[in-house]
Amino acid sequence: MRIAIASDHAAIELKAELAEWLVNEGHDVADLGPEPGVSVDYPDYGYRLAEIIAEGTAEFGVALCGSGIGISISVNRHPDVRCALVSEPLSAALAREHNDANCIALGARLIGIEMAKACVATFLDTEFADAGDPHGRHQRRVGKLSRPPFLSDRIETHQ
């Protein structure tokens with residue numbers, strides 16, 4: 001699998017450890033930066049990661065910053081990317097299964113390397129529940145994530 005990974009300066013070490021582990025697991029990893037020793041703004045790397053995922057250069061993304069919050073917000077600005085901030089494997093599985101997330105975010109200051117690996121492994125091993133079913137309930141909901149109904153008359157109810 002082709003996986004892109006990006007971080008800010010607070011998550012450089014976690015990024016390096018995860019990238020090495022992913023390569024050892026047999027994945028093709030694109031490290032989008034930054035390099036060690038520089039202070040950077042997480043939105044720049046979140047936007048870069050989102051673009052790589054949206055254009056199809058990588059199947060999945062791993063976004064990292066100190067808390068995981070800022071970079072996940074920046075990644076989610078792209079309408080074709082669904083980035084889920086997780087801290088344990090169940091959330092990682094549900095992000096894929098119900099939301100067809102194509103990017104996972106983790107907080108380097110909040111999670112250890114073994115839990116991070118468990119989250120990423122679960123994320124990559126879980127299939128979207130409605131894969132191949134364009135009319136499934138999860139697919140309908142995921143489709144709305146790229147086109148939010150900001151007007152109240154576009155809100156649907158279902159029995």
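Aspartate 100 counts as buried, at 18% relative accessibility, where buried means under 20% relative accessible area, exposed over 50% and partly exposed in between, with a 1.4 Å probe and protein chains only. This aspartate lies in the loop between α4 and β5; helices (H or I, at least four residues) and strands (E, at least two) are DSSP runs, numbered from the N terminus. Although aspartate 100 is not a glycine, its phi is positive, about 50°. The model is predicted, so that local features need pLDDT of at least 70 and side-chain atom pairs count only at pLDDT 80 or more, while totals for chains, interfaces and linings use all residues. Residues are numbered from 1 along each chain as its sequence is written, and side-chain values use heavy atoms, with hydrogens and water left out.

Strand β5 is mostly covered, five of its five residues being buried. In a regular strand the side chains alternate between the two faces of the sheet. From β5, Cys103, Ala105 and Gly107 point one way, whereas Ile104 and Leu106 point the other way. Strands are taken to pair if DSSP finds at least two bridges between them. Strand β3 runs parallel to β5 and is joined to it by five bridges, with leucine 64 standing opposite leucine 106 of β5. Strand β4 (residues 83-85) is likewise parallel to β5, through three bridges. Leucine 85 has alanine 105 as its bridge partner in β5.

Helix α1 covers residues 12-24, and at 1.5 Å a residue its 13 residues should span 18 Å, which agrees with the 18 Å between its end C-alpha atoms; the expected span is 1.5 Å times one less than the number of residues. Buried residues of α1 are Ile12, Leu14, Lys15, Leu18, Ala19, Trp21 and Leu22. These residues pack against β1 (2-7), β2 (28-31), β3 (60-65), β5 (103-107) and α5 (113-125), contact being defined as heavy atoms within 4.5 Å. After α1 comes glycine 26, with a positive phi near 100°.

Histidine 27 is located in the loop between α1 and β2. With a relative accessible area of 18%, histidine 27 is buried. Its contacts, leaving aside neighbours within four places in sequence, are Met1, Ile3, Leu22 and Leu124.

An α-helix has 3.6 residues a turn, so residues three or four places apart point the same way.

One aromatic pair is present in the structure. Rings of Phe, Tyr and Trp (its six-membered ring) pair if their centres lie within 6.5 Å, and planes under 30 degrees apart count as stacked, over 60 as edge-to-face and the rest as tilted. The pair consists of phenylalanine 60 and phenylalanine 123 and is edge-to-face, at 5.7 Å centre to centre and 80° between the planes. Since phenylalanine 60 belongs to strand β3 and phenylalanine 123 to helix α5, the pair ties together parts that are 63 residues apart in sequence. Phenylalanine 60 and phenylalanine 123 are both buried. Arginine 96 lies over the face of phenylalanine 123, at 5.9 Å from the ring centre; a charge sits over a ring if NZ of Lys or CZ of Arg is within 6 Å of the ring centre and within 35 degrees of the ring normal.

Arginine 96 is also touched by threonine 126, as are Ala93 and Glu97, not counting residues up to four places away in sequence. Threonine 126 is placed in the loop between α5 and α6 (137-145) and is buried, with a relative accessible area of 15%. Between threonine 126 and leucine 94 the C-alpha to C-alpha distance is 8.4 Å, although they are 32 residues apart in sequence.
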